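Thank you all for coming. I would like to talk through some charged pairs this morning, and I will go slowly so that you can follow along on the screen.

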Amino acid sequence: MQKRILFVDDEPFLRDGYKREMGPFLSASGIDAVIDCASSAEEALYRSNDADYALVLMDTEMQTEGMFGYEACSILKKRARPLVVIGTSGSGSYREDWIRAGADVFITKRDLAMQLKSLLIRYLQ
């Protein structure tokens with residue numbers, strides 16, 4: 001059964017880059033998945049209304065107007081999706097705030113490249 005992943009980041013080069021990196025890895029791992037991207041919290045919520053995502057990866061520092069990331073995180077979690085948030089700071093209180101908002105995992109951008117493959121396998125196999 002094909003799974004869907006949603007990658008949410010306001011930076012187009014990051015969305016495109018991770019999509020390019022994840023696709024071949026998923027195929028090589030025997031995981032049949034489609035990767036969708038969203039550029040804002042609002043777009044992520046809109047897309048999640050129409051698709052059943054097996055995993056959502058979301059940037060914590062999006063520079064978009066409207067909804068804040070914490071609010072989107074809380075709503076996405078109510079939809080029972082595994083949610084990984086990606087931030088620049090991993091300080092204890094900042095990380096804890098995101099976990100309280102509904103994130104299953106908080107990871108720093110610095111560590112994402114090293115841990116992305118294990119996160120994909122953990123949530124998609």
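Let me begin with a term: a residue is called buried when its relative accessible area is under 20%, exposed when that value is over 50%, and partly exposed in between. Please keep in mind that what you see is a predicted model.

With that scale, D97 has a relative accessible area of 30% and is therefore partly exposed, while R100, at 61%, is exposed. These two residues form a salt bridge whose closest N and O atoms are 2.5 Å apart, and because they sit three residues apart in helix α4, residues 92-101, about one helical turn separates them.

R4 pairs with D36, with 2.6 Å between the closest N and O atoms. Since R4 lies in strand β1, residues 3-8, and D36 in strand β2, this pair ties together parts that are 32 residues apart in sequence. R4 is partly exposed at 28%, whereas D36 is buried at 10% relative accessibility.

The other pair is K109 with D59, where the closest N and O atoms are 3.3 Å apart. K109 belongs to helix α5, residues 109-124, and D59 to strand β3, residues 55-59, so the parts that this bridge ties together are 50 residues apart in sequence. Is D59 buried or exposed? At 2% relative accessibility, D59 counts as buried, while K109, at 30%, is partly exposed.

Notes: Residues numbered from 1 in each chain as written. Predicted model: local features only at pLDDT ≥ 70, side-chain atom pairs only at ≥ 80, totals over all residues. Heavy atoms only, no water. Salt bridge = Lys/Arg side-chain N within 4 Å of Asp/Glu carboxyl O. Helix = DSSP H or I, 4+ residues; strand = E, 2+ residues; numbered from the N terminus. Buried < 20%, exposed > 50% of the residue type's maximum accessible area, 1.4 Å probe, protein only.
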